[in-house]
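Student: I have a structure to look over. Can we go through it in short questions and answers?

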Amino acid sequence: MATPSAQIRPYQANDEKVVKFTIGKASMEGLAVANRQGTYHASRDSEHMDFIVMRHDRVSRLVAKSRAWLVGLAFPRTCLCMLGTSNHILDRLAGRINRPYFEEVTSDVLRRVDVADIQGYYARSPASGFFVLEYNSSVIGLVAVDACEDSQLDQSFVRKGDDGKVTQQEKKDIYKKGTSSTATIRHIYVDEPFRKADVQDDLVAFAIRHAFTTSKDVKEIKITTSSLLGYVQKSLRNFGFTVESSAKKLGIYGWTIDNMSLERTWWERDQEKRSGEMSLLTIVLASPTGLRPHHPLIICQSSSSQTCLPVLRRLIRPTKPPSQTLLFSFLYSPPSLIGAFTPDDASLRIFDYTGRVPGYGEWNDSRQDILTAVESGTLSVVIDSVDTLASDIASDSQTFKFIKSLLARLTSRTEPSVLVLHLLACPLLSLLTQTALSPTLTHIISHPSALIKHLATEYLTQPPPDGPAEKFWSVFIPISERVYDSQRLVYGPDGAGTSTGGEDDSKEFVVELIVRGTSTEGRKRATERILDGWKGEAPEILEKLDSLKALFSRKKLDEKPPDPTQNVSFNLYLTPAQERSRGQVPLPYVHEGKSTSAAIFYEPDSADDIDDDDPDEDLDI
């Protein structure tokens, strides 16, 4: 029996019937989901139906006392009881309310230009394509990406005028060749039995790769989908699609129609990260405002044993800087953070508050100045350091309220903005990392490289991927949080000292990166913790740090396969002369010369009766 195979192939002419049926079925699937969910919600609202029945009984008694005859008030109580307890009737009622919308959508989709002539429509741009997913010679799914110049339009061959007259357009009036900067996924569907295997992820990945790799003109991919199709939206979010807006609501419970999009820049960074060319820390430092989903809060945490200033400098001057960066200095002087600064640089504004010290001269509260400085545009606000600001205010709660109001002001802007906070380990840190302040978070913590060597030597625990991640983090986290242990490793008798963070400092340290809200494996909403290196003024992988090379080289030596000839009491090796002598020894049963035909030689013994006579002559027949 042949093994079933699956493939994603381009649309063919003989697929027209099954493809159009599948498109219609995909449009009507939302109705079935809406009816099921509507019945579920209605069954939960049975208490409300009981309330309606009680109100009906009360009105009926009032009518009986007044002897009034009002049409509609004599509605039988049993009907209301049936309405409140029968899911079958509720299902039919929800279907009557929801069906007109889905029937209208399905009729519109089947009359659109791309469905009327699939091959001709999707051949207008090389980045466009209609693809079907075939499993064991049966179509189980499809996806269509439109990158033509009119990809944002929902054109139809049928046009209805103001007078109600329906006309049909000509193809020449609709078809326009060319590639647009925005592609649209018009159709996507997978049969329900195959969704548990995440087959839809293969279709989405194939459509994205086809649109972005075929033409560099495509900068963005959009799709309009319903919250009723949960498997589609889940797959889109896994690949970086985010909701731009909600077009409208439908059904009796107001399910949303969402407009989702994916930018080429995010996809390219994701591909580089997956191929190992770019680490997650490098992506964060390259464009803090370009993370998807957007991370409006970035925390840089230094410690007494290792500073995080080199990372903070890169966040102030990233590879792709925003339109404007506001730097508020409370602890370190601005020249130590930005180096040489030209006053003509309008993208960077510096607010030096290092001279504002409570109790020394005239002191002014800086909170209102910071809120006033936040203006429109893509903005990056850097505060160094938050623990110093809290010390000036003399209240952690007031500082937290200020940070919360500042972050709310940044997140309410239409342009992506980010708030970068630098601080030491303090009681305020637990408030800033909670999800109530920001669901997404990028937390960068600096550690001395001596901590990694200490774990590998004393606890025999290697960092991932050389060792189990669960074991490493269970040992690393509690030890790194104990300040005394880190200080002893750095400043103790055998310590090598710490990286001061100066501009000419080439020392190395380790960076712990905690990203909450997304995952590099599947881009699902999660919390990810990784370990990276830092050398000089740029990220570096741990294996290339000079202070850890001996650790990883020793690991490679330990991983060599064991040699069975080692540690034996006799010599198993031969000298060259012995090997030549062994090669000259003829082996038994090895025939030299040409091969002969095979034959069987048999010598009969005395008991054999071999003659040409009749073998049955001794029988009396």
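Student: How do the residues lining the largest pocket divide into nonpolar, polar and charged?
Tutor: This is a predicted model, where local features need pLDDT of at least 70, side-chain atom pairs count only at pLDDT 80 or more, and totals for chains, interfaces and linings use all residues. Residues are numbered from 1 along each chain as its sequence is written, and side-chain values use heavy atoms, leaving out hydrogens and water. Ala, Val, Leu, Ile, Met, Phe, Trp, Tyr, Cys and Pro count as nonpolar, Asp, Glu, Lys and Arg as charged, and the others, Gly among them, as polar. On that scheme the lining has 16 nonpolar, 11 polar and 7 charged residues.

Student: What is the volume of the largest pocket?
Tutor: On a 1 Å grid over the protein atoms alone, a pocket is an open set of points where a 1.4 Å probe fits, with protein on both sides within 12 Å along at least five of seven lines; lining residues have an atom within 4 Å of a point. Points are joined across faces, edges and corners, and the volume is the space filled by probe spheres set on them. For the largest pocket that comes to about 1000 Å³.

Student: Which of its lining residues are closest to the centre of the largest pocket?
Tutor: The lining holds 34 residues. The closest to the centre are V105, R112, R186, T224 and T225.

Student: Which element gives the largest share of that lining?
Tutor: Helices (H or I, at least four residues) and strands (E, at least two) are DSSP runs, numbered from the N terminus. Elements giving two or more residues to the lining include α1 (16-44), α4 (87-110) and β7 (220-226). The largest share, 6 residues, comes from β6.

Student: Which residues is I208 in contact with, leaving aside neighbours within four places in sequence?
Tutor: Contact means heavy atoms within 4.5 Å. The partners of I208 are I221, F239, F241, L262 and W267.

Student: Is S137 buried or exposed?
Tutor: S137 sits in the loop between β2 and β3. Its phi is positive, near 65°, though S137 is not a glycine. At 67% relative accessibility, S137 is exposed.

Student: What is the relative accessible area of D198?
Tutor: D198 is in the loop between β6 and α7. It too is not a glycine, and its phi is positive, about 60°. D198 is partly exposed, because its relative accessible area is 34%.

Methods: Buried < 20%, exposed > 50% of the residue type's maximum accessible area, 1.4 Å probe, protein only.
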